[in-house]
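Trainee: Can we go through this one together? I'd like to start with the pockets.

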Amino acid sequence: MSATGKPIDNTYLLRLLPSVDELIEDLRGSEEDTPSGAALAEAAREAIEGRRRRILAGGAAHNGDVLTDAAAGAGDTEAVRAALRGEIIGEAWDILTDARTTDLRHVINATGIVLHTNLGRAPLSEAAQRALIDVSRSYSNLEYDLEAGRRGGRSGAVEALLRKLTGAEAAVVVNNNAAAVMFAIRMMAEGREVVVSRGELVEIGGSFRIPDIMAQSGARMVEVGATNKTHVSDYENAIGPDTALLLKVHTSNFRVVGFTEEVPREELTALAHARGIPVLEDLGSGCFVNPPGIPDEPTVAASVEAGVDLITLSGDKLLGGPQAGIIVGKAAWVDRLKKHPMMRALRLDKLTLAALEATLRAYLDPERAMREVPALRMLAEDATATGARAEALLTTLGKEAAQKLSAEVIDTTGRVGGGAMPLAELKSRALALSPQNISADRLDALLREAGPPVVARIHEDRLLIDMRCVIDDEIGQLAEILKGLADQAG
Ligand SMILES: *Cc1c(COP(=O)(O)O)cnc(C)c1O
């Protein structure tokens, strides 16, 4: 319908569509970095076709948003033609811009969840970012021994760092922790039995469940104990001639509280070694140093010390590095992993290795790690420091926009995320928005459409921008985005 209420005739509109050549002419030369003729033609064709389909589909879709209603209503054919052409040029530009914009991109994490699995888990340290760019720009010594001038090992530096940081005899790295667990079970226990406590049959989200991983690894799972209590005698009674391995799994994303008991690592390894079998521990997050203010997580070094034969952990959880699976432990077992045919399928690429090495280097000085590894810094930050960024955002926003958005700084609680420390609450501060004219849901949706997209949280009908994971550079961006929304909102 036009503004005057007269229905607009489809064939009338179709006749007024610009030709591909006309559109290419309009698109050419209007930007410094003009795309090639072929790309322009493709975008022009796609934009015209898209419009043609919408016109044929009829309804409000082809005028309401586009056509100058007034021109159509007044029957001013030339004005309608010009309006259509102008709109289609805009759509063609959107197509060209989309073609250059990656779908995977930076978002502002305003959820307060530090290791947010859906938002890429750990942000990388500056050193890790630099390392990643440095090896990607040109060539690197990925598999080249510069001193000897010949082929070299692929991950020697990372392995040496892991040995030093954990006290383990040897280390090897793979694509992620899920791969590390499967790989280790397969190598240690394929076709044989693996004993595991019923209290540790974890599901990590997605499709990582210990019973399934066991099946995929080709091992037979033998469950022992109860959900809340497993004794060393339970393991002992389950060990038979076909037992290849005792598995211990960190219950990273849940806690059983109350009447509980698990077997200490030292007792488990003593039992296993007395019976000539190894212990594998999936540590999940795998903490190297405990950030102050959050509950003690078992460290990798403690598991090594307790004599666990192989230990697996994630690169992008509490360690704060890139996605990777880290395996440390006894040299004899690690060597078998390195020689296993699956190793080639699971190995890390140079970008990940570069970022992982740089992340691990920071840990050589734990205080430096606490400052430089963003995930650790965010976890350790107190509410006052978080609150200072919330105040900075409020100030940058300015009085007028803040008023329209009914913005105020409030206390809130964040989470560790990444399936780690489910009970830990991080005292945090957020900017709470409750504008008059727009619901929290709508505001949330608009923020997700912003550039960069902002992922926030809704609590009691207010939109919360938790500042724990918002980095300093993002405060200005957030303020601009919120200013842009303020007029619609209040
Ligand atoms: C997170 C987790 C995994 C999976 O690690 P990814 O790095 O996500 O593959 C496996 N086991 C435990 C106990 C975990 O917490």
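Trainee: How much space lies in the largest pocket?
Mentor: About 1,200 Å³. A pocket here is an open set of points on a 1 Å grid over the protein atoms alone, with protein on both sides within 12 Å along at least five of seven lines. The volume is the space filled by probe spheres set on the points, which are joined across faces, edges and corners.

Trainee: Which residues are closest to its centre?
Mentor: H106, A122, P123, L124 and E474, out of 34 lining residues; lining means having an atom within 4 Å of a point. This is a predicted model, where local features need pLDDT of at least 70 and side-chain atom pairs count only at pLDDT 80 or more, while totals for chains, interfaces and linings use all residues. Residues are numbered from 1 along each chain as its sequence is written, and side-chain values use heavy atoms, with hydrogens and water left out.

Trainee: What is the lining by class?
Mentor: There are 14 nonpolar, 8 polar and 12 charged residues. Ala, Val, Leu, Ile, Met, Phe, Trp, Tyr, Cys and Pro count as nonpolar, Asp, Glu, Lys and Arg as charged, and the others, Gly among them, as polar.

Trainee: And which domains does the lining draw on?
Mentor: Domain 2 (108-116 + 379-489) and domain 3 (124-372) each give at least three residues. Those bounds come from an automatic or database domain assignment, which also has domain 1 (10-100).

Trainee: How far apart are the centres of domain 1 and domain 3?
Mentor: Their C-alpha centres lie 56 Å apart.

Trainee: New topic. Is S428 buried or exposed?
Mentor: S428 is buried, at 2% relative accessibility; buried means under 20% relative accessible area, with a 1.4 Å probe and protein chains only. Its side chain makes a polar contact with the side chain of D466 at 2.7 Å. Such a contact is a pair of N or O atoms within 3.5 Å, one able to donate a hydrogen and the other to accept it; residues adjacent in sequence count only if both atoms are side-chain atoms.

Trainee: What about S155, buried or exposed?
Mentor: S155 is buried too, with a relative accessible area of 14%. The S155 side chain makes a polar contact with that of E159 (2.9 Å).

Terms used: Buried < 20%, exposed > 50% of the residue type's maximum accessible area, 1.4 Å probe, protein only. 1 Å grid on protein atoms, 1.4 Å probe; cavity = no way out; pocket = protein on both sides within 12 Å on 5 of 7 lines; lining within 4 Å.
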